[in-house]
Amino acid sequence: MAETQILTPVPNSVNDGNANRLPAPVLGGRFAPFTQFMRQPAVQRALPAIAMTSAIGIAALAYFTMQAAPQAQLFAGLDDTDKAAVADALQTQGIGHSIDPTTGALTVDADKLHQARIALAGQGLPKAAPSGDSLIAALPMGSSRAIEGEALRSAREADLSRTIETIDAVKSARVHVAAAEPSLFVREDKPATASVMLTLQNGRSLSDGQVQAIRFLVASSIPGMNADQVSVIDQRGALLSDTASGSDMKAFQLQLQVEDRFRRALDTLLGPMLGAGNYSVEVHADVDMSESQATRESFPENDRALTSEQITRSTSGTSAPAVGIPGALSNQPPQATTVTATGPQPVPPGAPAPGTESNENAARAYEVGREISVTHSPQGKLRRVSVAVALNQGKKALTQADLTKIDNLVKGAIGYDATRGDLVAINQRPFVQVEDTAPAFYDQGWFMPLVKQVGAILAALLAFLFIGRPMIRAAKERAAKRIAQNQELEASLLAATDRPALASGQGGREITLEMIEQAPSYEARANLVRAFVRQDSARAALVVRHLMQEGARA
């Protein structure tokens with residue numbers, strides 16, 4: 001390390017008596033160690049980096065200090081009237097808020113979101129989306145039936161909207177119900193309909209099952225409404241209810257499932273026999289999606305049973321009836337009785353005794369047989385199946401017996417039923433050999449990205465070879481030239497300081513202040529200063545004095 005020398009001003013004829021007097025330090029000797037530390041060459045060279053680092057740190061500290069807290073949206077879908085009321089209430093409560101200039105959303109600090117909502121709920125804000133209970137409670141006394149009906153409808157719509165908003169993907173919802181007035185005539189009754197407007201979360205969507213659940217939710221909450229009469233749309237205007245949940249789409253999906261099942265069964269049978277690519281199968285299934293239910297009650301013709309019977313008999317005794325012609329002869333006494341030897345005649349059982357009358361009444365009850373039959377035909381009944389099988393005719397065609405066997409296998413796989421009109425068609429023809437024309441390599445998906453990457457690498461290499469490398473070479477040449485000049489200058493300075501003639505100002509190269517300022521290093525500058533002092537000590541003293549006076553004035 002070069003030796004540091006203290007320069008002392010030497011008085012001469014030019015200097016006055018104050019030449020040896022140094023100016024007093026402005027701030028005293030309290031900051032002298034700090035001032036000496038700051039004047040060190042290493043510190044002076046590091047000052048730009050220290051200043052830049054300090055500036056970056058101060059800027060980062062100011063950024064994090066002045067950065068606003070994360071914001072959270074207070075309520076979604078507020079109109080301007082409610083926004084003004086909410087903003088006034090927040091300002092009264094001392095809660096900071098802001099309005100997004102792009103979306104117009106009212107936001108508050110994320111850590112004060114629940115506090116703001118509680119404060120607004122205490123004041124009954126916002127008022128744009130009241131609950132069903134509040135609508136019913138606000139109904140005035142003595143309202144007409146029409147007003148009561150509209151209030152109840154609005155309350156039902158508000159409750160349904162709040163219920164739908166509990167779904168994760170739904171940001172907000174609005175329900176509109178259209179119900180006609182009930183009519184005394186059944187034919188004039190019109191079913192109620194409803195429409196649901198959904199605002200979904202960013203990047204979220206609803207599945208078909210969720211849309212169908214919303215439709216059933218609305219239909220179940222309104223009497224006389226069917227789920228098919230509920231329409232659901234989103235904020236982009238897309239009709240969500242027109243999905244696979246419709247009856248037509250369900251029938252089409254069921255048909256595809258049946259056809260796919262038959263096709264897999266035929267592939268399982270024909271694949272091991274004929275080999276892949278030697279046959280082609282097409283299946284068409286006619287599925288009946290209609291549902292019917294019938295109830296029949298009949299009475300068998302000769303099917304009856306006696307359940308109860310009641311018979312009433314009555315018998316009474318009487319004299320022989322009067323016979324003959326009325327008149328005088330009729331009052332004659334009877335003739336004498338003639339007794340015969342024959343015995344008494346037997347009376348049949350149950351028959352009335354001679355000379356008596358019998359009366360019989362019978363009441364019988366019969367139960368007639370009854371038959372009740374209920375027939376239910378579910379949806380998805382297979383009405384007809386049509387199967388077409390194309391076989392590849394190779395060098396040797398299949399015989400008719402082989403085709404019959406294949407036909408029987410196909411019929412057994414699909415459950416062939418001639419009564420419902422099933423059709424199976426099998427034919428063999430030579431298949432056209434289709435060459436597998438793979439796309440060219442430049443049409444592949446990986447080709448263009450590879451070309452872009454290789455092009456970028458080549459461009460970087462060319463830029464390095466033709467631009468970067470010459471610049472590096474030129475920079476190295478300039479650095480080597482600068483080092484050579486500095487070495488030459490230092491050698492000349494060292495040689496000049498070793499000659500005594502330079503100290504007396506005779507011979508050699510004169511040293512100027514410009515040479516001292518342009519010195520490449522601290523050692524060279526120190527050597528130049530020493531040589532400058534030896535060359536002209538009086539001038540050096542004047543320069544030091546002038547610098548100290550400027551420092552004192554500053």
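The model is predicted: local features need pLDDT of at least 70, side-chain atom pairs count only at pLDDT 80 or more, and totals for chains, interfaces and linings use all residues. Residues are numbered from 1 along each chain as its sequence is written, and side-chain values use heavy atoms, with hydrogens and water left out.

**The chain as a whole**

- The chain holds 14 helices and 13 strands; these are DSSP runs numbered from the N terminus, helices being H or I of at least four residues and strands E of at least two.
- Of the 554 residues in the chain, 19% are buried (under 20% relative accessible area with a 1.4 Å probe, protein chains only; exposed is over 50% and partly exposed in between).
- Among contacts (heavy atoms within 4.5 Å) between residues at least 6 apart in sequence, 69% join residues at least 24 apart.

**H3 and H4**

- The axes of H3 (residues 80-93) and H4 (residues 113-122) come within 10 Å and cross at roughly 110°; axes are lines fitted to C-alpha atoms, for helices over the stretch in contact, and angles run from 0 to 180 degrees between N-to-C directions.
- H3 and H4 are therefore roughly perpendicular to each other (65 to 115 degrees; under 35 is roughly parallel, over 145 roughly antiparallel, and the rest oblique).
- From H3, Val86, Ala89, Leu90 and Gln93 meet Ala116, Ala119 and Leu120 of H4.
- The residues of this contact are 6 nonpolar, 1 polar and no charged (nonpolar: Ala, Val, Leu, Ile, Met, Phe, Trp, Tyr, Cys and Pro; charged: Asp, Glu, Lys and Arg; polar: the others, Gly among them).

- Helix H13 (residues 522-535) has 14 residues and reaches 20 Å from its first C-alpha to its last, close to the expected 20 Å (1.5 Å times one less than the number of residues).
- Buried residues of H13 include Ala524, Leu528, Arg530 and Phe532.
- H13 packs with H14 (residues 537-553) at an angle of about 120°, their axes 5 Å apart, which makes H13 oblique to H14.
- Phe532, Val533 and Gln535 of H13 meet Ser537, Arg539 and Ala540 of H14, a contact of 3 nonpolar, 2 polar and 1 charged residues.

**H6**

- The 20 residues of H6 (residues 145-164) should span 28 Å, and the end C-alpha atoms are 29 Å apart, which agrees.
- Among the buried residues of H6 are Ala151, Glu157, Ser161 and Ile164.
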